[in-house]
Amino acid sequence: MKKIHYLYTLLVALGMTLLSGCQSFLDVNVDPTLKADATVQELLPTAQFYTSEASYQQAYVACQYAQQLGSNLGTNGTDAYYEAENASGWSNLYLYVIPQLNTIIQKGQSSDIPVYVGIAKVLLAYNLGIATTNWENIPYTQADQRNFSPSYDNQQAIYTTIQKLLDESIVELAKNSGTKPTTDDMIYGGDASKWTRLAYSLKARYAMHLSGQNAQTAAQTALTALQNAMKSNADDFQFAYNSKNLSPWYSRVALANSTSNLSVTYGSTFVDLMNGKVQNVVDPRLPIVVTLKTGQTAYSGVVPGSGAGSTVDFTTRAWHSNINSPIVMMTYAEVKAIEAEARFLAANGTISSTGSTADAYNAYLEIARANMQKLGVSAANIATYLAAESVNVGASKLTLLHIMREKYKAMFLIGDIWTDVRKYNYLDFPMPLNINPDLAGRRIQRMKYPSSELTRNAKNAEANLKQPSVGMWIYTK
């Protein structure tokens, strides 16, 4: 596999450093993977760290477009569908994540340590998934260190590559031989079975991305993969932080908000799904996930595109943004949401139809149950919520909107939720106020290629550049 590495950005990489104190092998003030002789034990934790960074960088933008978050900065923020480059996400991908993962694959193959190879291929597939859902066409097969102007692979080719990498990872992980990760695997501690379940879960996720093209094919592909996917919250794909190695939601958003360096807060679309306004039942996750401003008692999020209307603060007291919060990248709750959607579509369900199978309905109920258990909601409160009339609708009245609402809440701050939101034409979400006039009243569909890429690789970047309201290939039949 060719190593993807832009030389023209290498100087940037040489100036960047890892956060210190995450584990003993990260207790340094320079990135050990910049050494020519970096070991796989050094490469893996840093690649995982930057994978977590990629997830945060995507979610910071995508979750504003998906209205989980809203801007605190007035009427021309990202939540009003103004274009965002996510330049940090782009440079992180090409300077760190992919070069490190390709090096692990190369070293792992030459040293016959297949578990490292398998893990790296899972992570590579996941990162390509982030990139293509952000920008659609991206450099891949020609973007090696000898090419200053790589051409772009189209999105269809990227999705084929993702599935191929995941299939290969499953084969490598099954070998389970040679030197294996231990503490250098900061996600699953070297547990090849958990990495395998993640690979199958990601296969299902990316299969369902294509359900708008062919619902039956996507559903059947996903359901086949789900037979070997995550089995419980213990399998969740997340990266841990602590008081030394700070979570970006804590350090860059919540702490900054506490000193009046405002950026984002909770969006009204998300909060209204929690506070009873939409579902006529208060979600018991509300006080765990969302924090009120001082003196406020009623939960209201910022109205998209207004910069106003919020009684809540994104603070260091919430589950996702405290000092020990992980970056969550994929969960068992999402797997159950994928199952519910796939079973609904497999039974010939559509966005406008009502009713499905008992299996689809049971998977739908498990979305909220699993996420609530993860967040520490009591069993009694879980039972009360699931028994509410608007939630406990029965299989005969189940709709895709029911499924997607529960998925939307369970995937708070997981950027891939924007893929689902776009796939279903933004569901029943309101149009932002003061919407970016360049969109002429249409919804935002993509991030913008970074200015650095449009300068350094202008010919190829401009050939793939599309207007922000133009839908991606994955959403076309």
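Predicted model: local features only at pLDDT ≥ 70, side-chain atom pairs only at ≥ 80, totals over all residues.
Residues are numbered from 1 along each chain as its sequence is written, and side-chain values use heavy atoms, with hydrogens and water left out. Helices (H or I, at least four residues) and strands (E, at least two) are DSSP runs, numbered from the N terminus.

**Helix α8**

- Helix α8 covers residues 248-258.
- Its buried residues (under 20% relative accessible area; exposed means over 50%, partly exposed in between, with a 1.4 Å probe and protein chains only) are Pro248, Trp249, Tyr250, Val253, Ala254, Ala256 and Asn257.
- The cover over these buried residues of α8 includes α2 (40-65), β1 (69-71), β5 (264-266) and β8 (327-330).
- At the start of α8, a side-chain oxygen of Ser247 comes to within 3.3 Å of the backbone nitrogen of Trp249.

**Helix α7**

- Helix α7 (residues 215-226) has 12 residues and reaches 16 Å from its first C-alpha to its last, close to the 16 Å expected at 1.5 Å a residue. The expected span is 1.5 Å times one less than the number of residues.
- Buried in α7 are Ala218, Ala219, Ala222, Leu223, Ala225 and Leu226. They cover an arc of only 160° around the axis, so they lie on the same side of α7. The arc is that of the directions from the helix axis to the C-beta atoms.
- These buried residues of α7 pack against α6 (192-208) and α11 (332-346).
- At the start of α7, a side-chain oxygen of Asn214 reaches to within 3.3 Å of the backbone nitrogen of Gln216.

**Aromatic rings**

- Rings of Phe, Tyr and Trp (its six-membered ring) pair if their centres lie within 6.5 Å; planes under 30 degrees apart count as stacked, over 60 as edge-to-face and the rest as tilted.
- The count by this rule is 27 aromatic pairs. One of them is the tilted pair of Trp90 and Tyr94, 5.0 Å centre to centre with 50° between the planes.
- Trp90 and Tyr94 are both buried. Both lie in helix α3 (residues 87-111), four residues apart, about one turn of the helix.
- A cluster linked by ring pairs holds Tyr56, Tyr60, Trp249, Tyr266, Phe270, Phe314, Tyr408, Phe412 and Phe429.
- A charge sits over a ring if NZ of Lys or CZ of Arg is within 6 Å of the ring centre and within 35 degrees of the ring normal. The charged end of Arg422 sits over the ring of Trp418, 3.5 Å from its centre.

**Loops**

- Ser151 lies in the loop between β2 (138-139) and β3 (152-153).
- The side chains of Ser151 and Gln142 are joined by a polar contact of 2.9 Å. Such a contact is a pair of N or O atoms within 3.5 Å; within protein, one must be able to donate a hydrogen and the other to accept it, and residues adjacent in sequence count only if both atoms are side-chain atoms.

**Positive phi**

- Most residues other than glycine have a negative phi.
- Tyr81 has a positive phi of about 70° although it is not a glycine. Tyr81 lies in the loop between β1 and α3, and is buried at 0% relative accessibility.
- Ala440 has a positive phi near 50°. Ala440 is in the loop between α15 (417-423) and α16 (451-456), and is exposed at 55% relative accessibility.

Key: Contact = heavy atoms within 4.5 Å.
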